[in-house]
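Visitor: I am new to this structure and would like to know what stands behind the words used for it. Could you take me through some of them?

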Amino acid sequence: MERDNEELVYTPQSLLDTDLYKFAMQQAIVQHFPETQALYRFTHRDPDVLFPRRCTDLLHKSIQRMSPRLIGSGVMKIHQDFGICSLTTEEKNWLANTCPYFSEGYLEYLSTFQFDPAQISIRFMPVSDDGELEVGRIEIEASGLWRESILWEVPVMACLSELYFLVGATDWSYEGQKESASAKAQTLLQAECSFSEFGTRRRRSFHVQDLVIATLKQEADRSSGRGAFFGTSNAYFAKKYGIHPVGTIAHEWFMGVAALKGYEGANAKALVLWEETYSNNLFVALTDTFSTKVFFQEFANDPARAQKWTGLRQDSGSPFEFAPAAKAMYESMGIDIRTKTIVYSDALTLDKVLQLKKQCDDIGFRCSFGIGTFLTNDFKTKSSGYTEKSRALNMVIKLAKVDDRDCVKISDDLTKNTGDKASVEFVKKLYGLPN
């Protein structure tokens with residue numbers, strides 16, 4: 001029997017059920033831009049994938065309402081929804097002990113934080129109605145103070161993905177997920193890879209992420225080799241399993257700083273402000289907000305900063321071109337690349353990870369891998385006998401404006417540029433990048 005809408009309303013487990021770098025950036029925003037307004041906008045990159053109206057309705061209810069539920073033994077329990085989800089004393093103490101780079105003042109701020117559902121706008125745009133199932137596209141925006149609206153992206157995406165695979169693309173099951181995660185972990189560990197789980201935003205469900213992380217930890221605990229399951233980007237699961245919470249900085253920090261402070265030397269400006277918040281921690285730099293080429297040019301102008309930052313994160317373009325370019329950049333400053341780490345995080349698979357590990361070993365870099373969708377949303381369809389892929393949602397929520405100024409991202413993948421056309425063209429011209 002089909003479950004009713006009340007059973008399907010998504011409820012977050014904890015304020016910590018998000019990626020660590022959201023908290024890291026939030027602290028920097030609280031310090032540097034406490035009154036800045038921001039607008040975030042959802043994009044789904046696969047135009048052939050449509051959402052049932054019911055999925056949109058459930059997403060709206062999940063954000064707007066607190067839902068009493070009958071669980072387990074029949075005891076009525078009130079689940080926290082986005083409107084009342086807040087940091088517990090136990091969670092605050094865990095953050096203070098595990099993440100000493102969070103100041104007491106910031107943790108006090110976070111302990112009073114609550115989502116405001118009024119900041120979210122959801123619009124369903126029907127494309128077709130065959131009489132049984134109305135489907136269409138979804139527009140989602142989050143707006144408000146930047147220090148508040150920054151936390152919407154991860155839970156909204158995770159919520160939408162979970163609901164879509166409950167009421168839209170339902171031709172799948174959990175069969176074989178534990179075995180698959182186990183096999184992937186064994187391959188990575190035997191190849192002496194250091195890797196983390198980065199799969200919150202596009203996970204098929206909370207349950208599968210929980211299952212995957214538990215399995216990865218189990219395999220790592222059994223392993224006697226030099227490979228390492230380093231941790232997870234998800235703070236909730238890091239706390240649950242006693243593993244490292246992983247993450248530093250995302251595109252939105254560079255995008256927002258550039259829009260507010262100017263695009264000339266924007267990467268350096270963003271790094272300077274970051275260093276004012278984090279004097280000795282979280283120094284892995286994301287390079288591709290305005291193209292890796294431009295980042296490397298700016299980074300090379302300040303050898304002291306390049307020495308201070310412990311590594312680089314590659315997140316778009318050809319990953320196999322990244323290490324050779326980084327090597328040339330560091331060596332131009334006389335920096336020993338054996339002291340630096342590259343973190344790869346773009347659409348990773350086992351084959352890609354193994355090839356990149358070999359390349360970094362050959363060149364001389366330390367490397368690590370943040371693996372997301374391949375771990376938490378790697379499914380096959382039941383109807384194909386589990387031979388054909390059940391596609392994950394190819395979605396993002398990006399910073400669109402700060403204080404009504406357009407934000408821009410110039411990816412190393414030309415199909416992934418973000419921002420209005422005029423602003424993108426202006427920034428590309430400023431940096432000497434091709435249109």
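Guide: Let us start with glutamine 119, which lies in the loop between α5 (104-112) and β5 (120-129). The model is a predicted one.

Visitor: Why is glutamine 119 called buried?

Guide: Buried means under 20% relative accessible area. Glutamine 119 has a relative accessible area of 8%, so it is buried.

Visitor: What does glutamine 119 touch, not counting residues up to four places away in sequence?

Guide: Glutamine 119 touches Glu141, Ala142, Ser143, Gly144, Leu145, Glu148, Ser149 and Trp152. Contact here means heavy atoms within 4.5 Å.

Visitor: Which residues meet where α8 packs on α9?

Guide: From α8 come Gln177, Lys178, Ala181, Ser182, Ala185, Gln186 and Leu189. They meet Val208, Leu211, Val212, Thr215, Leu216, Gln218, Glu219 and Ala220 in α9. Sorted by class, this contact has eight nonpolar, five polar and two charged residues.

Visitor: How do you know that cysteine 55 is in no disulfide?

Guide: A disulfide is a pair of cysteine sulfur atoms within 2.5 Å. By this rule the count comes to zero disulfides. For cysteine 55, the nearest cysteine sulfur is that of cysteine 159, 8.1 Å away. Cysteine 55 has 0% relative accessibility, so it counts as buried.

Visitor: And what about cysteine 360, how far away is the nearest cysteine sulfur?

Guide: The nearest one belongs to cysteine 367 and is 4.2 Å away. The cut-off is 2.5 Å, and cysteine 360 is in no disulfide. Cysteine 360 is also buried, because its relative accessibility is 0%.

Visitor: Why is the positive phi of leucine 282 worth a remark?

Guide: Most residues other than glycine have a negative phi. Leucine 282 is not a glycine, yet its phi is about 55°. Its place is the loop between α12 (266-277) and β10 (284-286).

Visitor: What makes helix α11 mostly covered?

Guide: In helix α11 (residues 251-261), 10 of its 11 residues are buried. Among them are Trp253, Phe254, Met255 and Leu260. Just after α11, glycine 262 has a positive phi of about 105°.

Visitor: Why is tyrosine 263 called buried?

Guide: Tyrosine 263 has a relative accessible area of 12%, under the 20% limit, so it is buried. Tyrosine 263 sits in the loop between α11 and α12. Not counting residues up to four places away in sequence, tyrosine 263 touches several residues, including Phe290, Asp406, Phe426 and Val427. Tyrosine 263 and valine 427 are 164 residues apart along the chain, and their C-alpha atoms are separated by 7.2 Å.

Methods:
Residues are numbered from 1 along each chain as its sequence is written. This is a predicted model: local features need pLDDT of at least 70, side-chain atom pairs count only at pLDDT 80 or more; totals for chains, interfaces and linings use all residues. Side-chain values use heavy atoms; hydrogens and water are left out. Helices (H or I, at least four residues) and strands (E, at least two) are DSSP runs, numbered from the N terminus. Ala, Val, Leu, Ile, Met, Phe, Trp, Tyr, Cys and Pro count as nonpolar, Asp, Glu, Lys and Arg as charged, and the others, Gly among them, as polar. Buried means under 20% relative accessible area, exposed over 50%, partly exposed in between (1.4 Å probe, protein chains only).
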